[in-house]
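The stops below are given in the order in which to select them.

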Amino acid sequence: MDTHYDVLIIGSGAGGGTLARCLAEAGRKVLLLERGGWLPREPQNWDSAEVFQANRYVSPDIWKDKNGNSFQPGSHYFVGGATKMYGAAHFRFRERDFEEVTHIDGISPAWPLRYSDFEPYYAKAELMYHVHGLRGEDPTEPPASSPYPHPPVAHEPRMQQLVDDFRSQGLHPFHMPVGVNLVEDNLPFSACVKCNRCDGFPCLIHAKGDAEVMGVRPALSATTSLTLLTHAHVQRLITDSSGHTVTQVEVEHAGELLSFSADLVVVSCGAANSARLLLMSANDRHPRGLANSSDQVGRNYMYHNCKVVVAVAHEPNHTVFQKTPAINDWYFGDQDFDYPMGHVQMTGKTNGAMIKGYKPKLTAVAPAWAMDKIASHALDFWLQTEDLPLSENRVSVDSSGQITLSYTPTNDQASEQLTHRLEAVLDKAYAGTHIAEREIYYGSAMNIAAVGHQSGTCRFGDNPSTSVLDVNCKAHDLDNLYVVDTSFMPSISAVNPSLTAIANAIRVSEHLIERLS
Ligand SMILES: Cc1cc2nc3c(=O)[nH]c(=O)nc-3n(C[C@H](O)[C@H](O)[C@H](O)COP(=O)(O)OP(=O)(O)OC[C@H]3O[C@@H](n4cnc5c(N)ncnc54)[C@H](O)[C@@H]3O)c2cc1C
Ligand code: SF4
């Protein structure tokens, strides 16, 4: 195996997997190092008890919180990264999300680039990840240069009823953009079978637009430019004596320590692990960690202020693919609350085993059939409020490399306001409905362990004293080091982060290709 490449990418998720495809298709010699393996294709992919109760695809990592308490983060280390498990909701950030926005708890900072700078890359990202949607329904939607590449996924009857009920109250529900390889008007020839396992499960039949299926695999099969090494856990980046250039990447692989080099090195390990790798690579020239003269590496961690609201209604909900409606009517506030509240979308349809996974203690004695009965009447909503990038919300590491994630929530009041509004609308539509809140994603709580939307630990900016990366996502402090996962985001908005990470990776790929030529 060669040891020197044009570009070496560490991590194969939304950022790294997409970048690898772009660079390999442009003929660059790329090495992609991924600490995980291929996610096994096995019947358990779609087994709720295995996925939600046994946490079959969750890494064994143990991190600490700011009080020193240990917890197991919901991390997924596979080719494709966290996108193997994601719900494939593919949103563009709103135009105002790129500007300074005042929230109830403070300021969400402006980006060094505007929405118009990202727009062409959002269009390419939507094409690459098979995004289905319909423009013109969502009042907060930013302008787009092209329609969605694929038609919206149709609402099933219960979801259409919900949409009609919302519309009758003056709201503007819209078809949620989702990345699935679906041909709804010709299902016998569609890769996606429109099942109820899209959100939180891997797709057994590889029909979901994840970074393995849309990034890594196409690049491996169409070119010889990409070399992928799985189970390759990068330990440390070594610089030359000036500290300006990464000269070696040290990797643990099959019990051995290997070393690779490249003209350009790209870190894309996910926001927490990218910060960890940079901090663990401290040396004489970079005593606080690589690229960390600003002391910003690891800081400004965000992951959304999220909540799941389950409305158990009298009428049954037979929906299979539930992730079709979403609402942004309260995104930037309303006449009674002049601050952003956030975004509402449906989660994948829950079942009894999933509810037992979220609430193991509470449901310990409840038989699965009883939980299934509740789930069959449930409407499951995902509420997402922007959290602010606080300097003290940060990733740090000890000498053994163990991560401490210090986090204090922000915008709780905005999240509560959003919940009240949804509950009021549901109360009006379904009088007598019992609304119950539950907390989802991993374990029993949408707490610090729910790291799915982690971002912001290496933010980009014009000022090297307040940011880690420049506008091309190159470290201010080094000549050949880049970061392209969700770490680069100065703020997280209230919509899902992947499409922006993917669009950014495509944008950075153009810069890297130009630089190499
Ligand atoms: C259950 C779930 C549902 C979600 N749903 C959505 C959704 O519907 N829409 C949306 O936009 N987002 C969703 N997300 C979030 C989305 O998956 C992430 O935002 C996205 O994957 C982040 O991309 P990334 O490149 O930053 O990191 P990742 O995708 O996590 O990739 C990082 C990769 O780096 C590897 N790695 C880490 N450290 C090392 C190392 N030292 N050496 C080598 N490799 C390393 C990891 O194994 C991993 O493969 C969801 C996430 C989860 C968990
Ligand atoms: S809905 Fe389609 S893409 Fe999603 S898990 Fe099912 S088959 Fe796969």
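In which loop does H130 lie? Select H130: the loop is the one between helix 3 and strand 7 (131-132). Helices (H or I, at least four residues) and strands (E, at least two) are DSSP runs, numbered from the N terminus.

Before going further, note that this is a predicted model, in which local features need pLDDT of at least 70, side-chain atom pairs count only at pLDDT 80 or more, and totals for chains, interfaces and linings use all residues. Residues are numbered from 1 along each chain as its sequence is written, while chains are lettered from A and ligands numbered from 1 in the order in which they are written.

**Two histidines with positive phi**

Stay on H130 and read its backbone torsion: phi is near 55 degrees, a positive value in a residue other than glycine. Most residues other than glycine have a negative phi. H130 counts as buried because it has 23 C-beta neighbours inside 10 Å. The cut-offs are 20 or more other C-beta atoms within 10 Å of a residue's own for buried, 12 or fewer for exposed, and partly exposed in between, with C-beta atoms placed from the backbone.

Next select H304, in the loop between helix 6 and strand 14 (305-312). H304 also is not a glycine and has a positive phi, of about 80 degrees. With 27 C-beta neighbours inside 10 Å, H304 counts as buried.

**Helix 3 against helix 10**

Select residues 115-128 (helix 3) and 498-516 (helix 10); their axes come within 8 Å and cross at roughly 105 degrees. That angle makes helix 3 roughly perpendicular to helix 10. Axes here are lines fitted to C-alpha atoms, for helices over the stretch in contact, and angles run from 0 to 180 degrees between N-to-C directions. Angles under 35 degrees count as roughly parallel, over 145 as roughly antiparallel, 65 to 115 as roughly perpendicular and the rest as oblique.

Show side chains for F118, Y121, Y122, K124 and A125 on helix 3, and for L499, I502, A503, N504, I506 and R507 on helix 10; these make the contact. Two residues are in contact if their C-beta atoms, placed from the backbone, lie within 7 Å. By class, the contact has 8 nonpolar, 1 polar and 2 charged residues. Ala, Val, Leu, Ile, Met, Phe, Trp, Tyr, Cys and Pro count as nonpolar, Asp, Glu, Lys and Arg as charged, and the others, Gly among them, as polar.

Centre on A503 of helix 10. A503 is buried, with 26 other C-beta atoms within 10 Å. Leaving out residues up to four places away in sequence, A503 touches F118, Y121, Y122 and A125.

**The nonpolar core**

Which residues have the most contacts inside the largest nonpolar core? Select V7, L8, A20, V30 and V266; the core they belong to has 141 residues. Such a core is a set of buried Ala, Val, Leu, Ile, Met, Phe, Trp, Tyr and Cys residues joined through C-beta atoms within 7 Å. Helix 10 gives the most to this core, with 8 residues. Zoom in on A20: beyond its neighbours within four places in sequence, A20 is in contact with I9, S12, V30, L32, G215, V216, A219 and L226.

**Helix 6**

Select ligand 1. Of the 41 residues around it, G11, G13, G81, D485 and S498 come nearest; a residue is near a molecule or strand if its C-beta atom, placed from the backbone, lies within 6 Å of it. Helix 1 (14-25), strand 11, helix 6 and helix 10 each give two or more residues to this shell. The shell around ligand 1 divides into 18 nonpolar, 20 polar and 3 charged residues.

Move to ligand 2. Among the residues around ligand 2 are C192, C195, C198 and C203, along with K194, R197 and K208. The shell of ligand 2 has 9 nonpolar, no polar and 3 charged residues.

**Last stop**

Is D240 buried or exposed? Select it in the loop between strand 11 and strand 12 (246-253). D240 is exposed, with 12 other C-beta atoms within 10 Å. A distance to draw is D240 to R285: these are 45 residues apart along the chain, and their C-alpha atoms are separated by 9.4 Å.
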